[in-house]
Each structure stands twice: as structure tokens, then as C-alpha cells.
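Here is a short walk through one model. Keep the sequence and the 3D view open as you read.

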Amino acid sequence: MADNDKPLSGKRVLVTRAAEQARALVELLTEQGADVIAVPTFRIELIHPSPAFDHCLRRLPYYQWLVLTSANGVTALAARMKELEISPEAFAHMQCVAVGAATADAMRALGLRVDIVPEEYVAESVVAAIRHQVSGKNVLLIRGTLARDVIPRALEEAGAWVDTADAYRTVIPADSEQKVREVFLSATPPEIVTFTSSSTVDNFVRLMTAAGFSERPATLRAASIGPITSATLREHGWEPWVEARLHTIPGLVEAIGRGCGMTKSLTGGWGRVLALLWFLLLAIGGVVILIALVLSVMIPIP
């Protein structure tokens, strides 16, 4: 497929994920023909030392459930397991829950069993998946410092005892403010910006303000990975242009393609197909009228 026939050909897309996480999104957007600009709005910083986290890991036999909300949490867990010399077998007695396919893959790579992956990759789906199984059970929840309290609050309401271990934090990279300034002062600024979490939204808004932009460009469209991210956009007065149906990186790219599809179809190959179909319909209509006229002449009126 020629570059100008790809769904996102000619579209400049800003990716706001952390640098170490952005590769898959950048590659998928590029494959679809987009001109991608990567400006990380955060980087992951493991919390160390973390006495509370270590305390939880030293009493693993106490827990019956383990919940990990992101691959970042798995990375943090792997680091603490190595330092404390904890083997994956120490989790064998626990029911393990992963929020999202990427989290599940990271857990398996660490040697942990994955018992449940909720259908939707949001906190509410975790609660729906396990709330009827945790009454009287002890749950270890590993997450980032900015995570919402939906999971622990709801599981405690369902009768569980929940210990929450904040394993990592997100911080804004030092050079991102200058990068944002350069991107939006360039002759060809992005027209679409992707958001994969609430923190990417919050930090992008902070970076725009710090870079001297009191208002975002009116033509800049926001692509959201899911309902929680969309809700954060609306809190900042920004209605999402598209929201992914499947809350994954491929789902986000599909949503962007869907959002660009109507414009593309009118100017690209689909426009020619529609024009041909319209021509054929007119031709068929003309033939039908001609046949009716001929028959009216050949068949006498009684």
C-alpha cells in the first residue's frame, strides 16, 4: 500500500506516553501512515526504599489474592522480588489478577500465574470480576501513587481486607516542557494528540501551561484510550474526539483511523468507489425509465 493510501497518511500525531512505553503506539501509528511526534509527558520512577511495599512482600502467605493494575507495577514488583530474594513460587497459593493484556504478559514473563484478566481494562471491571469471591479474603493490590481508590474501596465493601502497596510514581521529564514549546511553535504542529491514561492528560495540560500556552490550539483533537481518560479530559474542558472501543494501544489506533476515515474516504479510493456506485445507480434508473417508455408504446392502452 502506498503511503498516501494509508488511513492516517498526512496526519501529524503527538504521542504522550512515557518513552519506555511509547514504542508500540509509535510503530502502529507509523504503519498506518501517520507522522508521529513523541513527547513523553511522564516517566516511571520506582519508589525505593518503600518499607510498606517490602512489608507486604515479606508476608505473602497472609494473602489469598494479588491484583496488579499495570505493567509498571509488575516492573516494580520484579525489582523488589530480586532485592528481597523472593521467588515466583511464593505467589503460587494466590489468585492473581492482571488489569490488561500487557500486565498479564509481564506477570507471566516474571513467572507468575495469571488467573483473571477482566474484559475491560479499567478498575470497575476488576471489581466486577472478583467482588463476589473476596469476602473474608486478604488482597494485595500493587499500583502507582496516582491510581484511583475504586478497587480497594469496592473490595473492602465486598468484605475483603485490602493492603495497597504504592510501587511507583510518575514524574514529568525535565526536557518535555521545551519539547512541547518547540512542537507547537513549529510550522506544522500536530493535529491529533493521544492520551493513554489520566496522568498523560493532567501532565500534558501542565506542560502546555508551563510552555506558555494559555489555551490549547482549537484544531488539536484528543484521542482517548478509554472512559477514565475521557473523563479526565472533560474535567479539563476538553471533549474527546475519539475514544477506543477496546482500551488497548491497537484499540486506540483503530479509533484514530475510524475518526479519520470519513475524511479519508471522501478524498481517497473510497470516494471513487462511491462515485462509481452513484453513476451505476443513475444508469440503471435511466435504463428502467427507457424500458417503461418502450413498453408504453408497444402495448396498446385498452
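**A buried arginine and its surroundings**

The backbone oxygen of Gln21 lies 3.1 Å from a polar atom of the Arg17 side chain. This is a predicted model. Arg17 itself sits in the loop between β1 (12-15) and α1 (23-31).

Is Arg17 buried or exposed? Arg17 is buried, yet it has no salt bridge. The nearest side chain of opposite charge belongs to Glu20, and that is 9.5 Å away. A salt bridge would need a side-chain nitrogen within 4 Å of a carboxyl oxygen. Other polar partners are present. The side chain of Arg17 makes a polar contact of 3.4 Å with the side chain of Thr196. Set aside the neighbours within four places in sequence, and Arg17 is in contact with Ala22, Leu25, Pro40, Thr41, Phe42, Thr196 and Ile249.

Now turn to the aromatic rings. A search of the whole structure finds six aromatic pairs. Take Phe195 and Phe204: their ring centres are 5.5 Å apart and their planes stand at 70°, so this pair is edge-to-face. Phe195 and Phe204 are both buried. They also belong to a cluster. Ring pairs link Phe184, Phe195, Phe204, Phe213 and Trp238 there.

Two other arginines meet rings. The charged end of Arg59 sits over the ring of Tyr62, 4.0 Å from the ring centre. For Arg221, the ring is that of Trp241. Here the charged end sits over the ring, 4.3 Å from its centre.

Technical notes
Residues are numbered from 1 along each chain as its sequence is written. This is a predicted model: local features need pLDDT of at least 70, side-chain atom pairs count only at pLDDT 80 or more; totals for chains, interfaces and linings use all residues. Side-chain values use heavy atoms; hydrogens and water are left out. Rings of Phe, Tyr and Trp (its six-membered ring) pair if their centres lie within 6.5 Å; planes under 30 degrees apart count as stacked, over 60 as edge-to-face and the rest as tilted. Buried means under 20% relative accessible area, exposed over 50%, partly exposed in between (1.4 Å probe, protein chains only). A charge sits over a ring if NZ of Lys or CZ of Arg is within 6 Å of the ring centre and within 35 degrees of the ring normal. Helices (H or I, at least four residues) and strands (E, at least two) are DSSP runs, numbered from the N terminus. Lys and Arg count as positive and Asp and Glu as negative; His and the chain ends are not counted. A polar contact is a pair of N or O atoms within 3.5 Å; within protein, one must be able to donate a hydrogen and the other to accept it, and residues adjacent in sequence count only if both atoms are side-chain atoms. Contact means heavy atoms within 4.5 Å.
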